[in-house]
Structures are given as C-alpha cells and as structure tokens.
Amino acid sequence: MMTFRSKAFEIAQGRVSPVLTPPAEKVADLYGSNTFSDDVMRTLLSAEAYTKISNAIRSGSTIDREVADEVSAAMKSWAISKGATHYTHWFQPLTGTTAEKHDSFFDLTIDGKAVEKFKGSALVQQEPDASSFPSGGLRATFEARGYTGWDPSSPAFLMDNGAGGKTLCIPSVFISYTGEALDYKAPLLRSLVMLDKAATAVCQFFNRDVDKVTPTLGIEQEYFLVDKALYYARPDLLMAGRTVFGHSPARGQQLDDHYFGSISPRVNAFMVDFEFEALKLGIPVRTRHNEVAPGQFECAPTFEEINLAIDHNALLMDLMQKVGDKHNFQVLFHEKPFAGINGSGKHNNWSLSTDTGINLLAPTSKPKENLRFLTFLMNVVKAVHDHADLLRASISSAGNEHRLGANEAPPSIVSVFLGKDLTAMLEELVSKGEITLEKGENFYYKLGITRIPHLQRDNTDRNRTSPFCFTGNKFEYRAVGSSQNSASPMIVLNTIVAAQLMEFRKEMDERLAAGEEKKVATVEILKRYFTESKNILFEGNGYSEEWIELAKKRGLSNISATYEALHAYISDKTVHVFERMGILSSRELHARYEIELENYIKKLQIESRVIGDLALNHIVSTVVKYQFKLAQTARSLTDLEMLEEAEPIKEIIKDISSHVVIIKRLVHEMTESRKTANSMEDLLEKAKFYGSEVKGYFENIRYHVDKLELLIDDEDWPLAKYREMLFLE
C-alpha cells in the first residue's frame, strides 16, 4: 500500500519545469512598472505638488493636505488603470512579517450611486485593528486602536492578488494610540535621520559641499526550496519551519558540488519568474546562484537606500512564497531547516554615501580623502566595539540560535575583520602618525597565461567566518538570520554609529577651539580609537576553538543563548544612547525586549509540541507496527529451527525497543518540563527554562528517532527523508 510519504515523493518526482513566456519588454523597461515611481509622479502630478513631494522625500519636510489629496487622486487613477480594485497601508509590525488590511476603492454616494474614492486622508493615515499585534505591554489587548502612516520615501506598489485583481500597497509606519512605535520602520526612519545628521557634520571637516549622507544596504538572501508535496509530508516543516528529526544522508554537502553549480531547470524557472515579478516592483535583483547546502540558493539585489532596501527585502520574501506556490515549491527562510548542513543567513552589506557621489567607506590613494575614509572606518569600528552586545542582541532569535557558531555561520562572538593591509596601516598610524595605503586597483595577479587579462586584487580579502567584516568599500554583517527583518540590526547599527560620530564631532570641535590643527587632532583621536577598539579586530578563523579562547582573554562576550543576548536591549547603556538619539524610548525598548522573549518562548513551545506529536503519533506507532512484522519473521525462523538466522532480527527488535523506551520517557519528561515553564509568571525565567531545560530534550529525542530511521524499513518510515527533500531536481 502506498504511504503518504511515497505518494508525496512520486508527485514531487513527476514535476516538470513550467514553460515561461518572458515579458515582451526589456528588463530596463520592465523595471518599476508596478510602482508609483518618481517618473510616474512627475507625469501625473502638477509641478508644484511634485516639487513638494520630492522635497519631503529628500529632506523630510511636511506634506500638506492639498498635496496629499493630489497624490492620492493620481495614485488611484494610476492603480485603477493597471487593474487595482483595493488599496492598503502595507506595514511591518513586530511579528517579523508584513501586514495589510485591504479597503476597496468602491464606495456609494448619498443617493446610492457607485463611485471610486481614495482621499488624501486615506493615503496619509489608516486605522487597522492593533489589538492582536505584539506590543510588549505598551497597551492592553482590549485596546484596539492603532494607526498606520504613509511613508512617502518608499514608493507605493501594486501587488497581484493571484486571482485576477491587484492591490495598491502603500508602505507605512505603524504606531499605537499613545504614539509608541509598534513596527520596524518608524525607529529605522528615525535612525536614518540621526545618522545623516551626524555623518554630514563630520563630512564638513573634509568637504563643505556635502549636505546629506545616505546609508546604503545590499541584502543577500539565502533560502531553501522544497517540493510542496514533500513539505506537506513533513508536519515539522509545516508547523515549526524546520525539521526536528531526520538522519543525515550519506551524501550531504561534503563535495561542495552544489555551490555555484549549474541551476536545475525547475529551480531556474522559479528564479526567473520571481525575478521578473520583483523587477516590476522596483526590486533590483541581480544575482542568483546555488548555495553550499543541497537545496539551498541565494539571491541579491543592487545596493539601495537603506529604508527602501529593507522594504524591498520584506516584499521579496513575500513575493518568493507566492511565486513558489505557482511552481509547487515551498520557500524555507528558517535559519536552520535541516540538521547537518549549512543554515541560511541574510548578509547585510552596509555603507555610507554622500550627495556628492562619494562612498565614505571607500579608500583612495589621496592622503586627504584617506584621512576621511579612516575617520569613518574607525568610528564604525569604535561603535561596534562599544556596543557589541547590542549588535549581537539585534540578530538573536530561536532560529538563529540553531545556526550561529555551527561551523557555517559567524560565531556568537562579535568581531570585526578589516584585512591585514588595513590593520597594518592603522598600526602604523598609531606608531608613526602616518598613513600609507595603496588602492586595491594597483595590485594585479600575474597568471603566466598571456590570453588571460590581468586580474585585479581588492585591498582586502574576505573572511566568511567574521560576523562584521570590511569588504573593500562596505561592512558586511553576516550574522543576520535569513528570516529576520533587516531593520532590527540596521536600527542598532545606524544608531550606534550616529552616536559615535557625534562624539567624534564634539571632541574635534573642542580640540579645534583650543587651537589644535585639524589633521593632527583627527589623527590623535583615531589613534586612541584604534587602541581602545583593537581587541575586537580579528583576522583569523572565527570557527576555531583557538579564537574562542583568545576572545575570552580579550574580554569579548560569547553569548550563545538568545534569552541572554536580548538583555542588551534594556541595559542602561542602550537606553541612554537610544533615548539621547531619539530613536526609541526606554518604554519602547523594554517592550521590544519582552516581544522578543515572548517570540522565543513561543517558537520553542511550538517545536516542543511538534517533537512530542511526531515522536509518539508518527514514529513510535510506526515502529511498533514494524516490530510486529519482525517478531513474526523471527518466530517463523525459530519454528523452522533457524535459530542463527533469527538472532540478528531479534537484536534489531531489541535495539528498536530500547530507542522507543527512551523516546517515550524523554517526551514525557519534556512535556512535564514544558508544563513547568508555562506556569512561570516571570518572562525571563520562563525563557531561560525553555532555552535550557525544555530545549535540552530536543537533540536527545532527535538522536533516538534518527537512529530508528536507520533501523526501520524505508517503505514504512512515515516522514519524507533528507535525501528526498534536498536532492530533488
């Protein structure tokens, strides 16, 4: 009889790549066709309204009601012409996903006539029911009022509903009735304003023409693809987002043959499809490739302004799931969906650009420009050094806890990689007060093959084991989890760098007022910053045991548990800097801390329940039936006096029984442990208990279940196996 698993595998094997018809337009013409872009606004708005909205986007000036009315009328006309029937404020609550409440353009007049309506007031503000969104105690559950507010700096876009209609989506902030931020975007926008202000002030020391500094971000998104049929044959993937059981296949990623390998036709069809849809939405996806683990892939966009980049990444994740449905794929963004192979991250490539076209983190061969480069470089390093625990907290989650430090991702120790050349240059600055730096373009590899052009060498190597590494003209924060909203770590990074730049500006002003020469003052401050921060610099293998010991001697934190890492959000130092910078109040920080703890608890609670259910209702019940078959076989052999032949079967029965007994005991103990945790009132104590006691059973139960997978007949095993899910083309 065909089992659910075998039927699912048969369906998955029978999938064929869909035939895609590429759009008639060129990619350049396709790009942004479903966004209310600057070009669209220029065409549809009056010159006065366009100027006002452009100034608001560029400098943050207020948009008056008349302009909002004109913009809303233009948006409605444009959206309806493209098939939209509804509109929504699209926002990013602290659930980690996006949210939307659709309202129809359709309305009735007093005399009962049908009209299409979208006023400026509806564009600027909406009121979703906020009672079920996380608030961390900022509001009672019976208090339902919350507000979303239009963010004009992120273009509105059209989302295809998949059923013949489209919705106009308006990127928005989300706040409570009492004004606290209940989302990621509001504090992100505040941090961008402060970083612009602080960085521009420092730029004035080097170039008076700089009026604005814009942080940029490129987000590399890793993910797994699993066939839908096999996904539904794994209740743990469906419920928890990861496989809680599953024996490693004989062949995993040992050969590194999947990395940058040829993309299978079915996967490529999915990639092409979602890329075209992404381009229509103005998401500049450029890169696609196979990742290290089988079944794992990556996409990456061109760098964008940071607020837009984060909106686009959140939108891209949603889009990938929708396109995946069309191709019978489930896209997995969990940081560690499969044991024994690499998990997924979301590398955040961060830099600073001026309105004069300068990348402030790009070294040059000109001494004055290099002093500016070093100033920004060392202020970033100093900020990360002084707030390393907070940066670690910003990427803490139940999913990332499985991944960090697992010989595939940066460790829990926050360190900074600059590369040997930059480090040597900084050491020379401290010892001699001089700067010597040659640009990477001055170095070439001579291969001895005349037909191959000279290959250019960058000014630093890459260190894939470093959580925060300089890669030539930007910093790459590699520790961010693949399912995470990048706003969380970027709010922290923007805030601490802005605060540090303000400290630098303050000291420079004091030194200059005392008559010190500008270059001398700059170098003296940077020398001190390097001395104070050099413990966080590390060039070696972040996966090694030696680094763990060295980091301990240097006094660097190694916080592996999420519930411990999150405490940095409510430390006095964090509250001081966030309140001083006007990013988040103490109350808002404590609320986010509670929300993250609650989310951590709930994730582990779900995983625990899934483990118990699968172990008893799927695994043990199947195993007992298989044991009965073996017992009948052993009895028949014994009756035939084939005692020697019956003995191995009896041994297998004993092995199975021993694993079953242990599994039942451990599941019972885990359940009782979970009940104890659930009875706890103190949130931190509950999180600790879940993270240490309840979670402590997970791997023990898994060990015995995975051993049973090797003992039970392949046809009888109830769960889709790793080899079936990961190697399916």
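**Setting up.** I am working with a predicted model, in which local features need pLDDT of at least 70, side-chain atom pairs count only at pLDDT 80 or more, and totals for chains, interfaces and linings use all residues. Residues are numbered from 1 along each chain as its sequence is written, and side-chain values use heavy atoms, with hydrogens and water left out.

**Total.** I looked up the salt bridges (a side-chain nitrogen of Lys or Arg within 4 Å of a carboxyl oxygen of Asp or Glu) and found 42 in the structure.

**Lys 52 and Asp 64.** I find 3.3 Å between the closest N and O atoms of this salt bridge. Lys 52 sits in helix H4 (residues 47-59) and Asp 64 in the loop between H4 and helix H5 (65-81), 12 residues apart. Helices here are DSSP runs of H or I with at least four residues, strands are runs of E with at least two, and both are numbered from the N terminus.

**Exposure.** I call a residue buried under 20% relative accessible area, exposed over 50% and partly exposed in between (1.4 Å probe, protein chains only). Lys 52 is partly exposed at 33%, and Asp 64 is partly exposed at 32%.

**Arg 266 and Asp 227.** My next salt bridge has an N to O distance of 2.6 Å. Arg 266 belongs to helix H10 (residues 265-280) and Asp 227 to strand S9 (residues 213-227), so the pair ties together parts 39 residues apart in sequence. Arg 266 is buried at 4%, and Asp 227 is buried at 2%.

**Network.** I also noted a network of salt bridges linking Lys 382, Asp 386, Glu 507, Arg 511, Glu 516, Arg 528 and Glu 532.
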